[in-house]
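Here's a quick tour of one protein chain, going from the overall fold down to a few individual residues. Have the model open alongside as you read.

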Amino acid sequence: MTRAYSTLTIKRADAETREISGIASTPTVDQAGDIVEPMGGEFALPLPFLWQHDHLAPLGEVTYAKATAAGIEFRAKPGKLKDRLDEAWQSIVAKLVRGISVGFMPLESEPLPTGGRRFTRWAWYELSAVTIPCNQQASIQAIKAADISTRKQAASNRVVKINPSDLLPLSHPDVSLEEFHRRLDERMA
């Protein structure tokens, strides 16, 4: 199985529902030199939502996924295994685990001039929370907020909602990760 990773940005956290949403894949070159085309993904919901790509450590399931030219929007909800969910939740909220990764099987691909591959058709098998991301532009955009103490904390932090299509001008393969974050920070200011 092939994996494509992405960064995680926490905007809100709710210890009760633990639902997350964001972008699972973007059409940009990742740190492995590959592109996983969002519109090429083939999948059926629900998809397993795993901890660190470990099929023996499911966290829940992906309940919504929509492929767009900018990326694959997703929502995932937790399962019922308290100890594993507590560890994962605490790691995500503490920003110790900052990545999202798609586990997939390539169906069609073509070489890129830089040596990587462009996966134009692929079977999506799972989504994982991971420690080390590869695709730096896809991210968790929100963790569903309903918890009172979390709302109070979130109220003190500035939250900016970004439409994934707004990132396309930033996501050119020649834009470094540092430059991407600098431009993103400018837009959020």
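Counting up the secondary structure of the protein chain gives three helices and ten strands. Walk along the sequence and the order is β-β-β-β-β-β-β-α-β-β-β-α-α. Keep in mind that this is a predicted model.

Of the 189 residues in the chain, 45% are buried. Among contacts with a separation of 6 or more, 71% join residues 24 or more positions apart.

Mean pLDDT for the protein chain is 75, and 63% of the residues get to 70 or more.

**Helix H1**

H1 covers residues 82-93, twelve in total, and spans 16 Å from its first C-alpha to its last, close to the 16 Å expected at 1.5 Å a residue. Which residues of H1 are buried? They are Leu85, Asp86, Ala88, Trp89, Ser91 and Ile92. As a reminder, an α-helix has 3.6 residues a turn, so residues three or four places apart point the same way. Just past the end of H1, lysine 95 adopts a positive phi of about 65 degrees.

**Two residues up close**

Threonine 26 sits in the loop between strand E2 (20-23) and strand E3 (35-36). Is threonine 26 buried or exposed? Its relative accessible area is 5%, and the cut-off for buried is under 20%, so threonine 26 counts as buried. Its side chain also makes a polar contact with the side chain of threonine 28, at 2.9 Å.

Lysine 77 belongs to strand E7 (residues 71-78). This lysine is partly exposed, because its relative accessibility of 37% falls between the 20% and 50% cut-offs. Beyond its neighbours within four places in sequence, lysine 77 contacts Glu19, Leu59, Gly60, Glu61 and Thr63. The C-alpha of lysine 77 is 8.2 Å from that of phenylalanine 49, and the pair are 28 residues apart along the chain.

Note on methods: Residues numbered from 1 in each chain as written. Predicted model: local features only at pLDDT ≥ 70, side-chain atom pairs only at ≥ 80, totals over all residues. Heavy atoms only, no water. Helix = DSSP H or I, 4+ residues; strand = E, 2+ residues; numbered from the N terminus. Expected span 1.5 Å × (residues − 1). Buried < 20%, exposed > 50% of the residue type's maximum accessible area, 1.4 Å probe, protein only. Contact = heavy atoms within 4.5 Å. pLDDT = per-residue confidence, 0-100. Polar contact = N/O pair within 3.5 Å; in protein donor to acceptor, adjacent residues only side chain to side chain.
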